[in-house]
Amino acid sequence: MTSAVPALPLNSGTAIPQVGFGVFKVAPEDTQRVVEDALEVGYRHIDTATGYENEAEVGAAIRASGIAREKLFVTTKLRNDHHKAQDVERAFDRSLDALDIGHIDLYLIHWPMPANDVFVPAWRAFGGFFEGGRAKAIGVSNFLVPHLQRLIDETGVTPAVNQVELHPIFQQRELRAFHAEHGIVTEAWGPLGQGKYDLFGMDAIQTAAAAHDVSPAQVVLLWHLQTGNVIIPKSSSRERMAANLDLFGFELTADEMAAIDALDENRRVGGDPNEVN
Ligand code: NAD
C-alpha cells in the first residue's frame with residue numbers, strides 16, 4: 001500500500017509523499033493513538049503544527065512505531081506569534097525537541113500575518129535550519145501570490161511548498177499557476193472541504209463515485225492527486241484513514257476530472273490569509 005504513494009520532488013532535493021495525514025484538532029490525549037493507527041494503516045507522512053499542540057504526541061507515536069526515520073516525512077509549522085526573527089530560532093528548536101525524531105522534513109511559516117509584516121525576516125531565519133540537517137526542506141502555508149513574490153524578490157529563496165486551503169469549490173487556480181511557474185509544490189489543506197459544505201452530495205462527485213464503485217471522499221482525494229496536489233486528509237476513524245489512502249486502483253477519466261474542475265466557485269471555507277493576523 002504505502003509503496004504505491006508517489007512522492008513529488010522538492011526544490012531542496014528531497015521528496016514529499018503525495019498523501020499524508022493531518023492532525024489539526026486532534027486532541028493531545030488522542031494524538032498518539034490516532035497517529036499510531038495512521039502509521040499502521042500505511043501513512044508515512046504526518047502534518048502537524050506547533051499551534052496544534054500535539055507535536056510531542058506525534059513524535060511519541062513515531063518513536064513507538066519502530067518505523068525507520070528515513071521512511072517517514074514529518075511537517076510542522078511556526079506558530080503565528082513566533083514570527084519575529086529572534087523568536088523563530090527558538091520556536092524551531094522547541095519543535096525539534098517536542099517531536100524528538102531527529103530532524104524535521106518540512107518546516108513551514110503557518111500564516112503570513114501580513115499586518116505584522118515580519119514574514120520576510122522570519123523566512124531569512126528559515127535558511128539556517130538546513131545547517132546540521134535539522135530541516136530537510138522549508139516552505140510556507142497560506143501565502144498569497146504577493147507574499148510569495150516578496151519572499152522570492154527579497155531573499156532569493158523560493159519555498160519548497162505552499163500549504164493552502166484547496167478543495168473542489170476553492171481550487172486556487174491562480175496560485176497553482178504561480179506555484180507551477182516557480183517549482184513550488186501545492187499542498188492542499190482541508191482537501192475534503194473540512195466537512196463544511198455538502199461536497200459529497202455534489203452530482204459530479206456522486207456520478208464518479210458510482211462509476212468506480214468507490215466513496216465520494218475517495219473521488220475528491222483522487223481528483224487532488226490527478227491535479228498534482230499533495231493531500232493531508234484528517235480522520236480519527238481507522239476505517240476512513242485506510243480508505244483515504246486507498247486511492248491507487250482506479251483513475252478518474254478526463255470527463256470526470258472536468259466535471260469536478262467545473263465545481264470551482266473560488267469560495268473559501270476557512271480564513272482569508274490577508275485577514276488572519
Ligand atoms: P479535511 O478536509 O481533511 O476534513 C476533515 C473532515 O473530513 C473531518 O471532519 C473528517 O471526519 C472528515 N472525513 C475524513 N475522511 C472522510 C471520509 N473518508 N469520508 C467522510 N468524511 C471524512 O480538513 P482538515 O482536517 O481541516 O485538513 C486536513 C489537514 O490539513 C489538517 O489536519 C491539518 O494537518 C492541515 N491544515 C492546515 C491548515 C493550515 O493553515 N496550514 C489549516 C487547516 C488544516
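How many of the eight residues of helix α4 are buried?

1. Helix α4 (residues 119-126) has six of its eight residues buried, so it is largely enclosed by the rest of the structure. The buried residues are F119, V120, A122, W123, A125 and F126. Buried means under 20% relative accessible area, with a 1.4 Å probe and protein chains only. Helices are DSSP runs of H or I with at least four residues, strands are E runs of at least two, and both are numbered from the N terminus.

2. This is a predicted model: local features need pLDDT of at least 70 and side-chain atom pairs pLDDT 80 or more, while totals for chains, interfaces and linings use all residues. Residues are numbered from 1 along each chain as its sequence is written, and side-chain values use heavy atoms, leaving out hydrogens and water.

3. The ligand is surrounded by 25 residues (a heavy atom within 4 Å). D47, S141, N142, L192 and Q194 are the closest. By class, the shell holds 11 nonpolar, 10 polar and four charged residues.

4. The protein buries 86% of the 830 Å² that the ligand exposes when taken alone (Shrake-Rupley method, 1.4 Å probe).

5. S235 lies in the loop between β10 (230-231) and α9 (238-245). This serine counts as buried because its relative accessibility is 9%. The side chain of S235 reaches the backbone nitrogen of S237 at 3.1 Å.

Technical notes. Nonpolar A, V, L, I, M, F, W, Y, C, P; charged D, E, K, R; others polar. Buried < 20%, exposed > 50% of the residue type's maximum accessible area, 1.4 Å probe, protein only. Polar contact = N/O pair within 3.5 Å; in protein donor to acceptor, adjacent residues only side chain to side chain.
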